[in-house]
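The following exercises are to be worked through with the sequence and the model side by side. Each task is followed by a solution in steps.

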Amino acid sequence: MTSEIGILNQDCVVLAADSALTISKADGTRSTLDSARKIFTLQHPNKVGMMTFNNYTFMDVTWSAILTSYRDYLQDRSISTLEGYVTSFIKYLNTMNIYTEEAEAKQVLTYTVYLRDSLYSLDKNDSEHIKRIQAKLQRLDDRFKKERMLDIDKNVFISKFGGIIIQAFEQKYKDYLESLEMEFIDGVYDYICSSEMLSNYFTAVIFAGYGKDELFPSLREIHFDGRYCGKIKYRYGWSQVTDPTEDDSSVGAIIPFAQQDVSYSVLKGIDPTLNDLRLEQQYEIRDRLIKKASVYFDDSSKAEEFGNEISREFSSANKEFNEVIENSYMNPIVGMLQALSNEEMGEMAKTLVSLAAFKRKYSGELQTVGGPVDVLSISRADGVVWLSNKKIKDLK
């Protein structure tokens with residue numbers, strides 16, 4: 001995993017990333033390296049940076065090789081908007097000569113195992129459980145048909161992957177394949193085509209900077225899942241613009257990516273896990289009070305109104321709590337961004353990433369954040385500038 005930060009104001013965007021790379025071994029253990037490259041640039045005069053997290057490869061090819069290849073393909077050609085760079089990259093990625101049947105089958109198998117392990121185990125002659133499995137698969141089919149992202153020819157999909165899907169399900173449902181075979185294949189097909197489902201091996205790529213014709217910087221996050229039957233599966237994530245003429249624009253923003261807990265603890269004054277626990281305890285207290293109240297109220301409608309009143313009180317308290325976070329923690333920091341220099345924004349980003357590494361190191365957890373912190377600054381005035389880069393010893 002990793003810790004990464006994007007910070008924007010109307011003059012600059014800064015990207016920061018640690019260098020930790022987590023490696024899963026065959027025996028189930030994990031180790032880390034501190035030399036991974038996660039931030040990439042394009043050739044001059046392009047004012048665009050790219051940052052990756054989650055999976056280090058795409059279809060068994062490293063993102064370093066892919067993004068460097070795109071840099072060489074684009075050369076010094078500029079594109080009008082940052083969104084144009086994203087569109088250009090997706091088209092290029094789909095046409096690269098890097099895809100193998102083995103890599104595609106591995107991706108399909110990931111979805112297959114996920115679906116298989118989420119279903120009931122069966123005993124012999126357990127017709128009731130078979131009906132429950134069929135009902136669940138039908139619900140998934142109905143749901144994912146409404147959320148379809150990829151338009152893959154189903155007959156082509158079955159001819160390519162039907163065999164490995166059935167082979168994977170055979171390990172768990174050997175005696176029932178005949179009656180469930182097509183449901184299993186349909187379920188995997190629905191998972192892969194769905195816009196909601198991404199495998200655990202997706203990679204997020206953040207594009208940040210300026211198009212040739214853009215005055216203000218912006219940031220765009222895209223999640224890439226894989227390539228199936230000649231089509232890239234991806235969906236958009238976070239988007240931030242600073243152009244005041246666009247919707248949802250902000251004069252400044254701090255956006256944590258990947259492991260976000262430490263950054264949000266600093267920015268919001270409370271750890272996200274602790275905040276979730278606070279809300280969970282509120283719900284439990286409310287439910288206990290409602291149960292106790294029913295003993296004292298003869299009229300059930302009064303007990304129900306008592307429960308509603310408790311809910312309103314908790315809702316009001318949470319609203320006030322969030323306003324304190326916004327006004328006392330978030331707004332003062334974000335409000336300063338417009339006045340900060342590129343170097344100060346870079347120092348802020350580097351500090352937030354370093355704090356995440358500090359916590360992982362001294363809390364006894366696997367050091368999934370660590371190593372040198374790379375920091376890239378992009379502005380119209382100065383172009384693309386490395387403020388910190390482990391590969392460059394003397395930036396001056």
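**Exercise 1.** Determine the handedness of the crossing of H7 and H10, and describe the contact.

*Solution.* Step 1. H7 passes H10 in a right-handed crossing; a crossing is left-handed if the near helix is turned anticlockwise from the far one by less than a right angle, and right-handed if clockwise. Helices (H or I, at least four residues) and strands (E, at least two) are DSSP runs, numbered from the N terminus. This is a predicted model, in which local features need pLDDT of at least 70 and side-chain atom pairs count only at pLDDT 80 or more, whereas totals for chains, interfaces and linings use all residues. Residues are numbered from 1 along each chain as its sequence is written, and side-chain values use heavy atoms, with hydrogens and water left out.

Step 1. Two packed helices are described by the angle between their axes and the distance between the axes. Helix H7 covers residues 261–268 and helix H10 residues 342–362; their axes come within 8 Å and cross at roughly 120°. Axes are lines fitted to C-alpha atoms, for helices over the stretch in contact, and angles run from 0 to 180 degrees between N-to-C directions.

Step 2. The angle makes H7 oblique to H10. Here angles under 35 degrees count as roughly parallel, over 145 as roughly antiparallel, 65 to 115 as roughly perpendicular and the rest as oblique.

Step 3. On the side of H7, the contact (heavy atoms within 4.5 Å) is made by Asp 261, Val 262, Ser 263 and Val 266. H10 contributes Leu 352, Leu 355, Ala 356, Lys 359 and Arg 360.

Step 4. Sorted by class, the contact of H7 with H10 has five nonpolar, one polar and three charged residues. Ala, Val, Leu, Ile, Met, Phe, Trp, Tyr, Cys and Pro count as nonpolar, Asp, Glu, Lys and Arg as charged, and the others, Gly among them, as polar.

**Exercise 2.** At what angle do the axes of helix H3 and helix H5 cross, and which residues make the contact?

*Solution.* Step 1. The axes of H3 (residues 101–118) and H5 (residues 154–173) come within 10 Å and cross at roughly 40°. H3 and H5 are therefore oblique to each other.

Step 1. Their crossing is right-handed.

Step 2. Among the contact residues of H3 are Val 108, Leu 109 and Arg 116, and among those of H5 are Phe 157, Ile 164 and Lys 172. By class, the contact of H3 with H5 comprises 11 nonpolar, two polar and five charged residues.

**Exercise 3.** How many disulfides does the structure hold, and how far from Cys 193 is the nearest cysteine sulfur?

*Solution.* Step 1. A disulfide is a covalent bond between the sulfur atoms of two cysteines. The criterion applied is a pair of cysteine sulfur atoms within 2.5 Å.

Step 1. The structure holds zero disulfides. For Cys 193, the nearest cysteine sulfur is that of Cys 229, 8.4 Å away.

Step 2. Cys 193 counts as buried because its relative accessibility is 0%; buried means under 20% relative accessible area, exposed over 50%, partly exposed in between (1.4 Å probe, protein chains only). Cys 12, at 0% relative accessibility, also counts as buried.
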